[in-house]
There are 2 protein chains.
Amino acid sequence: MLKDFEMKKPENKEALSGQIKELCSTLLGQQQQLVGAGLPVMVLIEGWAAAGKGSLIKELISEIDPRFYNVVSPQVLPESETRYPFLYPYFQALPVNGKVTFLDSGWMENAVQKYLRHEITKDEYRRRIRQVNEFERQLRDGGYLVVKIFLHISKKEQFSRLQDLAEAPSTEWRVTKDDVWQHKEYKRFTEEYDDFMKRTQGVFPWTILDGSRRKTAVRDALKLLVDTIEKGVHAGRFCGDPFEEEFSMKKIPHLSEVDLSPSIDEEEYRQELKRLQTRLTELHNILYRRKIPVILCYEGWDAAGKGGNIRRVAYPLDPRGFDVHPIASPLPPERARHYLWRFWTRLPRTGHIAIFDRTWYGRVMVERLEGFCSEKDWQRAYNEINEFERMLTDWGAVVLKFWIHIDQDTQLARFTERQNTPEKQWKITDEDWRNREKWAQYEVAVDEMLQRTCTKNAPWHIIESNDKKYARIKTLKIIVKALEKACENHFRQITS
Amino acid sequence: MLKDFEMKKPENKEALSGQIKELCSTLLGQQQQLVGAGLPVMVLIEGWAAAGKGSLIKELISEIDPRFYNVVSPQVLPESETRYPFLYPYFQALPVNGKVTFLDSGWMENAVQKYLRHEITKDEYRRRIRQVNEFERQLRDGGYLVVKIFLHISKKEQFSRLQDLAEAPSTEWRVTKDDVWQHKEYKRFTEEYDDFMKRTQGVFPWTILDGSRRKTAVRDALKLLVDTIEKGVHAGRFCGDPFEEEFSMKKIPHLSEVDLSPSIDEEEYRQELKRLQTRLTELHNILYRRKIPVILCYEGWDAAGKGGNIRRVAYPLDPRGFDVHPIASPLPPERARHYLWRFWTRLPRTGHIAIFDRTWYGRVMVERLEGFCSEKDWQRAYNEINEFERMLTDWGAVVLKFWIHIDQDTQLARFTERQNTPEKQWKITDEDWRNREKWAQYEVAVDEMLQRTCTKNAPWHIIESNDKKYARIKTLKIIVKALEKACENHFRQITS
């Protein structure tokens with residue numbers, strides 16, 4: 001901990017230089033091993049203002065091939081932090097397998113600073129600590145190596161460094177108000193940094209380095225990195241065990257219990273469609289102004305009518321405020337990262353709506369059944385997804401998930417019709433027929449998914465879609481009701 | 001032109017609805033043809049505030065599968081416009097082959113608005129018009145279809161629409177100061193819009209639609225889109241002819257004329273390296289504050305020493321302010337777009353430095369020699385690249401291009417050494433040996449590239465690298481000198 005950290009004694013300079021040189025050359029040799037083992041590495045450098053985080057990173061990368069790393073600094077993501085969930089910039093910064101990302105301050109600085117400034121409540125602060133632990137565990141279980149360093153300097157040392165910077169005309173601009181404020185509040189920062197580190201030691205440990213001995217710090221950071229990689233490469237890519245946390249669940253039937261007969265007549269459909277779409281336009285307006293983000297997730301059988309359903313929902317929305325994300329099989333840069341990465345990077349900004357046409361649930365359906373991931377991977381995913389969605393709803397998002405449901409006969413009829421209609425033929429592929437043969441296996445997977453991820457905060461809705469029009473109206477009703485409730489809650493919150 | 005545009009007469013509503021329905025279904029059928037032909041489509045919707053651009057887009061996309069389009073609105077790119085070149089957001093928004101991007105106002109609004117607000121000078125405005133014409137031609141020549149629509153309403157109609165919006169509490173916020181200002185300046189806007197359209201008619205023509213007749217506008221826009229796609233699909237992917245514009249060129253020798261003997265002794269190397277790196281750190285500081293962007297381009301023979309050279313340049317830079325972009329063969333989403341797209345999207349923000357380890361010149365070297373693009377494509381590229389780099393230097397960027405040069409014997413010696421050193425073996429591949437066999441062909445291509453793209457604004461520098469240390473010092477000297485000049489020019493500009 002910072003409070004009782006013992007600053008380092010000076011060491012022989014030449015010996016230090018020699019050790020650094022040796023470690024650099026080891027690191028250089030490790031690059032290929034990392035690639036070979038497919039291991040991604042995240043190096044988080046936190047620390048005091050003027051502790052030398054930038055220079056430390058500079059030394060660490062000086063000998064590495066630029067193809068093997070990238071440096072991410074918070075300045076590059078100024079907007080992200082306010083219009084996206086807390087962890088968004090860090091998920092976005094995840095390296096691909098075989099590469100290293102250096103993070104020039106990150107989730108710790110972000111949380112502690114905002115808390116001490118009273119920009120977030122104590123409750124929110126605690127929530128962020130929990131999210132950090134979930135995030136780090138997800139990274140570890142997904143095979144990531146994470147090195148967490150805190151670069152420490154005393155209050156006295158910070159004073160003299162800030163003073164030096166402020167006195168030279170060419171560096172004066174580097175001393176920000178935040179830096180001065182941190183210096184004034186050095187003691188409180190010490191306490192909160194310590195508290196944060198204590199509470200986030202569980203998955204990847206923190207290492208405090210003495211920033212007032214630059215060379216020593218470089219040597220120690222290099223050693224830490226080299227040791228971590230060596231251990232990681234030796235142990236092979238880690239894959240975490242499944243486990244189950246407590247989430248507040250909502251009851252949902254099994255697919256076989258669902259009555260698929262409901263239908264709607266043409267006249268009622270038209271009236272309801274118009275009424276609900278008009279209402280949705282109004283609600284989108286309100287959500288936009290109040291900056292409430294909305295995430296709509298569509299899953300369902302092939303030919304269940306997802307596309308048409310999505311179009312009816314999207315039609316009344318202002319195109320400037322929503323995106324539809326069709327999710328196909330992952331591209332190489334997506335496959336080479338944590339499986340949730342491509343969804344994190346597609347999250348809507350506050351006030352916007354994101355509609356996912358297929359989702360992260362691919363992990364527990366197609367990836368499970370086709371063996372695209374290991375059993376541990378998909379078993380673990382239920383919990384990871386529940387955590388992910390809780391991060392979204394904690395952020396203030398409305399998350400609704402729809403299973404567009406039909407029976408096998410209806411699917412066959414629709415497949416046949418597509419086959420026989422020239423302009424619809426592109427919609428039907430051999431894969432669809434192959435998937436159809438696995439209906440029973442899919443049903444098991446879908447049922448398990450619905451049961452294990454129907455949380456109160458991000459519930460599933462089964463949409464009977466043998467009659468597509470009935471399905472559209474039902475979906476729209478659920479969306480309208482949920483958005484009305486969200487607006488009401490939001491208003492209650494700001495007035496309480 | 002807007003000045004003499006005749007507003008439309010009302011049409012029979014049912015007939016209109018019928019036509020819209022029919023056009024929608026044609027458009028639906030065209031989706032697959034677009035994919036088949038690999039044609040990307042950009043639909044630019046410009047127009048007056050409150051003319052109904054958003055609703056028009058809504059109608060156009062209402063029947064299209066979300067997998068085939070995306071909507072880009074300027075609100076999503078607030079930062080881009082100030083910290084990146086003028087065309088950056090539009091290049092970024094380019095669709096992949098087979099897809100449609102709807103742009104909710106774009107390069108016209110951006111340029112005209114800024115000009116009328118005196119945020120850019122008349123000179124800069126004219127430059128932007130030239131850039132737009134170059135941009136549109138590059139798109140056309142690269143196989144893009146572009147539809148440009150201006151949605152027109154009269155001053156009276158705008159007044160009543162803005163009033164309606166302002167009076168309802170739920171839509172009041174939609175009327176911005178900019179809208180009110182535009183309304184007041186309706187006449188000047190008319191003139192400038194007309195002027196802009198007249199000057200940018202050359203490549204893709206403008207179509208003015210009457211925004212006060214919503215359904216008519218939807219029908220006409222759909223018709224335009226459907227006709228454009230039909231013609232495009234019928235004609236097949238367009239590939240523009242090469243041509244040559246005038247650029248101010250700088251003299252550069254042929255590779256065979258270069259004396260590769262220069263070298264440097266160890267002691268001088270050390271001193272110079274230290275001096276130049278220290279100076280570079282200072283300059284980076286200044287550039288960062290003055291927001292001058294820098295783009296360093298590295299090309300050269302395999303094993304010429306690019307990597308080590310880049311490391312010596314990057315070392316003194318603050319890692320928060322630069323990125324190294326290693327350029328390998330393009331990924332699928334990159335290959336499916338204009339070849340410059342992946343470089344546009346990697347441009348540095350103002351004040352930042354981007355180092356490209358291989359560049360857009362791949363087009364006229366490896367892509368030319370390996371037949372990855374047509375002869376017309378690479379022949380055209382010299383000019384396109386000169387235009388691209390002029391856009392960068394017009395924006396205020398320092399652009400320096402280095403050809404790291406060695407002779408064949410030196411390459412052979414280095415290849416052999418890599419082959420024989422275990423930790424360097426990954427650096428040498430069969431492809432390197434194959435490329436080596438094509439040395440003579442490459443030399444022809446490189447010479448042509450150097451001669452045709454060594455512009456005064458973005459010059460090439462041949463770096464003799466048989467002695468790597470000499471090469472590093474020479475590169476650093478060129479960079480330091482260019483950056484010093486840029487700082488001086490910048491200071492002269494702001495004080496004049």
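**Strand and helix burial, domain contacts and the chain interface**

In strand β2 of chain B (residues 69-72), both faces are covered. B:Y69 and B:V71 are buried on one side, and B:N70 and B:V72 are buried on the other. The model is predicted. Strand β2(B) runs parallel to strand β3 of chain B (residues 100-104), and four bridges join the two. One of the pairings involves B:Y69, whose bridge partner in β3(B) is B:V100.

Burial was also examined in helix α12 of chain B, which spans residues 306-314. Here the buried residues are B:K306, B:N309, B:I310, B:R312, B:V313 and B:A314. The cover over these buried residues includes helices α11 (266-290) and α20 (468-495) of chain B. It also includes strands β6 (294-300), β7 (322-326), β8 (353-357) and β9 (398-405) of chain B.

Chain A is divided into two domains, with domain 1 covering residues 13-235 and domain 2 covering residues 260-495. The C-alpha centres of domain 1 and domain 2 of chain A are 37 Å apart. Contact between the domains of chain A involves 17 residues of domain 1 and 17 residues of domain 2. On the side of domain 1 of chain A that touches domain 2 of chain A, α4 (88-92) and α6 (122-141) of chain A each supply at least two residues. The largest share of that side, six residues, comes from α6(A). By residue class, the side of domain 1 of chain A that touches domain 2 of chain A consists of eight nonpolar, five polar and four charged residues.

Between the chains, 37 residues of chain B are in contact with 35 residues of chain A. The side of chain B that touches chain A receives two or more residues from each of α1 (13-37), α2 (53-61), α11, α12, β7 and α13 (332-335) of chain B. Helix α2(B) gives the most to this side, with four residues. The residues of the side of chain B that touches chain A comprise 15 nonpolar, ten polar and twelve charged.

Chain B is superposed on chain A by a rotation of 180° with 0.1 Å of shift along its axis, at an RMSD of 0.0 Å. The two copies are therefore related as by a two-fold rotation axis. The same surface serves both copies, as 95% of the contact residues of chain B recur in chain A.

Technical notes: Residues are numbered from 1 along each chain as its sequence is written. Chains are lettered from A and ligands numbered from 1 in the order in which they are written. This is a predicted model: local features need pLDDT of at least 70, side-chain atom pairs count only at pLDDT 80 or more; totals for chains, interfaces and linings use all residues. A residue is buried if 20 or more other C-beta atoms lie within 10 Å of its own, exposed if 12 or fewer, and partly exposed in between; C-beta atoms are placed from the backbone. Two residues are in contact if their C-beta atoms, placed from the backbone, lie within 7 Å. Two strands pair if DSSP finds at least two bridges between them. Copies are superposed by least squares on the C-alpha atoms of residues with pLDDT of at least 70 in both. Domain bounds come from an automatic or database domain assignment. Ala, Val, Leu, Ile, Met, Phe, Trp, Tyr, Cys and Pro count as nonpolar, Asp, Glu, Lys and Arg as charged, and the others, Gly among them, as polar.
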